[in-house]
Amino acid sequence: MDIRSRVMKALRWSASARLLGQAISWVITLLVIRLLSPVDYGLMAMGVVLVSFAFLVNTVGLDAVLVQSRDLPRSVTRQIFGVIVLANLGWFALLFLGADAAAGFYGEPGLAPILQVLALQFPLLIFETLPLARLEREISFAGRSVVDLVTLVIGSLTTLSLAMLGYGVWALVWGMLANTTTRVIGFNLICPCQVWPSFNFGGMRRHFAFGGFVVSDRSLWYVFSESDKFIGGKLLGNQALGYYAVASQIASLPIQKITGLLNAIAFPAFSHAHSHSSLEKVREYLLTSTRMLGIAAFPVFFGMAATADSIVAVLLGEKWLPAAPLLQLLALAMPLRLLGNVFPPLLWGMGRPRISASNYLLAALLMPLAFYVGARWGMLGLAMAWLGMYPLVFVVTAWRSCRQVEIGLATYASALLRPLIAALGMLVLVMQLAPWLPGASGGWLHLGAQILLGVAVYGAGMLIIDRRGLAETLYLIRS
């Protein structure tokens with residue numbers, strides 16, 4: 001089976017499982033949000049913003065070495081596993097012992113025990129890296145898709161059950177721990193490949209150098225993408241952060257799922273294409289994935305922005321209405337954030353993590369500054385920072401990344417222009433015609449009418465201006 005067929009098979013397996021998992025996860029997430037308070041979500045956001053950074057760097061970037069190198073000696077695999085053991089135990093100790101200091105920084109004493117429980121995930125994560133890297137390297141996603149689905153269901157049901165029992169923020173904490181535990185056990189059941197760790201790190205300099213670029217890349221990504229919550233938690237307090245965190249969570253639900261799929265499939269696909277094919281094949285993958293993502297992302301997120309008031313009123317309830325304008329602003333910035341997630345696996349797969357890290361360095365310098373300034377105007381200022389600054393970051397990142405595969409920025413932009421125009425037309429028409437649609441504002445009928453109108457307008461627009469793009473996307477999914 002050639003690489004294209006393997007990638008598309010992996011995509012279908014992952015997309016099918018994730019679609020079912022998303023349907024379950026989204027329903028449960030909305031129910032949990034209705035049960036919990038903004039304070040609960042604000043407190044959890046303060047903890048997660050610290051723990052999630054450790055998740056990104058807990059392998060010291062060496063998981064990318066495992067994926068990219070197909071013939072890695074067993075001795076080197078043992079050395080990498082030894083590094084992973086030490087790194088995860090180190091993060092556990094740091095978060096557990098430093099919980100009181102973090103709680104003092106935010107002025108929230110209740111944050112300390114939350115961080116200590118969340119830190120328990122890191123001893124478990126020691127046993128995730130090797131089986132996961134092997135699955136990604138071989139682009140073998142049937143079993144992984146089942147694990148992802150089971151993980152979503154168990155984690156979501158645990159959170160919902162505890163929320164219904166009145167556990168408050170602890171429902172989110174224990175749900176996250178259940179999610180991690182299920183995922184680690186599942187990966188080891190379908191792909192057992194653990195080895196004894198080696199703590200003799202001689203000859204690892206080249207791998208540490210590559211991993212260092214990956215860690216830099218991920219760390220800088222985290223600074224630019226999550227510093228809004230860090231800054232908001234410090235300057236605005238847990239209730240305001242709760243509204244913002246929920247709006248961000250709803251806006252990013254599609255991007256969270258698709259990004260995991262992109263990172264899992266695109267990196268080994270670009271890596272394989274670069275090492276076995278011509279640069280032309282890499283360009284083809286980039287432009288094809290960009291067109292497909294653009295056709296899907298612009299209508300989903302612009303539609304979310306057009307119906308933000310109704311989404312919050314219907315799905316979350318009246319206590320969350322202050323999150324509606326935040327959701328609208330954040331959703332408008334999300335298509336570019338999703339599209340930007342294609343560039344790191346492209347650059348990693350080509351063996352150029354330095355360029356990816358420098359792209360994120362720009363974002364890590366500009367976005368926190370925008371968030372700090374925006375926070376002077378409260379939650380809306382934080383959301384406006386995304387819409388005001390990120391388009392500039394995206395354009396520079398796209399230009400620098402496309403140069404590596406000899407694609408001009410105009411060529412790249414042309415892959416997005418038609419779905420962008422169709423989605424903008426949909427956004428304007430849905431917002432303008434909303435007062436005349438059936439049903440009371442903030443009701444199910446009204447929201448349904450808005451969605452149907454948006455689907456009809458976008459579908460008609462794409463049939464008129466980009467019938468070929470729609471047909472290509474459907475063909476690639478089916479083939």
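1. Basis. The model is predicted, and local features need pLDDT of at least 70, side-chain atom pairs count only at pLDDT 80 or more, and totals for chains, interfaces and linings use all residues. Residues are numbered from 1 along each chain as its sequence is written, and side-chain values use heavy atoms, with hydrogens and water left out.

2. Overall make-up. The protein has 21 helices and 0 strands; helices (H or I, at least four residues) and strands (E, at least two) are DSSP runs, numbered from the N terminus. Of the 479 residues, 56% are buried. Buried means under 20% relative accessible area, exposed means over 50%, and partly exposed lies in between (1.4 Å probe, protein chains only). Among contacts (heavy atoms within 4.5 Å) between residues at least 6 apart in sequence, 84% join residues at least 24 apart.

3. Helix 8 (residues 129-137) is mostly covered, with 8 of its 9 residues buried.

4. Surface. The accessible surface comes to about 20,300 Å², and carbon and sulfur atoms account for 67% of it. Areas come from the Shrake-Rupley method with a 1.4 Å probe; for residues, only the protein chains shown count as cover. Leu-235, Leu-369, Tyr-372, Val-373 and Trp-377 form a nonpolar patch with about 560 Å² of accessible area together. Patches are made of residues with over 30% relative accessible area and no salt bridge, where like charges are joined within 9 Å and nonpolar side chains (Val, Leu, Ile, Met, Phe, Trp, Tyr) within 5 Å. A salt bridge is a side-chain nitrogen of Lys or Arg within 4 Å of a carboxyl oxygen of Asp or Glu. Helix 17 (residues 353-374) gives the largest share of the patch, 3 residues. Val-373 lies in helix 17 and is partly exposed at 37% relative accessibility.

5. Ring pairs. Rings of Phe, Tyr and Trp (its six-membered ring) pair if their centres lie within 6.5 Å; planes under 30 degrees apart count as stacked, over 60 as edge-to-face and the rest as tilted. By this rule the count comes to 21 aromatic pairs. In one of them, Phe-92 and Phe-96 have ring centres 5.7 Å apart and planes at 35°, so the pair is tilted. These two residues are 4 apart in helix 4 (residues 74-97), about one helical turn. Phe-92 is partly exposed at 24% relative accessible area, and Phe-96 is partly exposed at 34%. The rings of Phe-201 and Phe-208 have centres 6.4 Å apart and planes at 80°, so this pair is edge-to-face.

6. Cluster and charges. Ring pairs link Phe-224, Tyr-360, Phe-371, Trp-386 and Tyr-390 into a cluster. Arg-337 lies over the face of Trp-386, 4.1 Å from the ring centre. Arg-403 lies over the face of Trp-399, at 4.9 Å. A charge sits over a ring if NZ of Lys or CZ of Arg is within 6 Å of the ring centre and within 35 degrees of the ring normal.

7. Positive phi. Most residues other than glycine have a negative phi. Val-60 has a positive phi of about 55°, in the loop between helix 2 (38-57) and helix 3 (62-68). Glu-406 has a phi near 60°, in the loop between helix 18 (378-403) and helix 19 (409-433). Val-60 is partly exposed at 28%, whereas Glu-406 is exposed at 61%.
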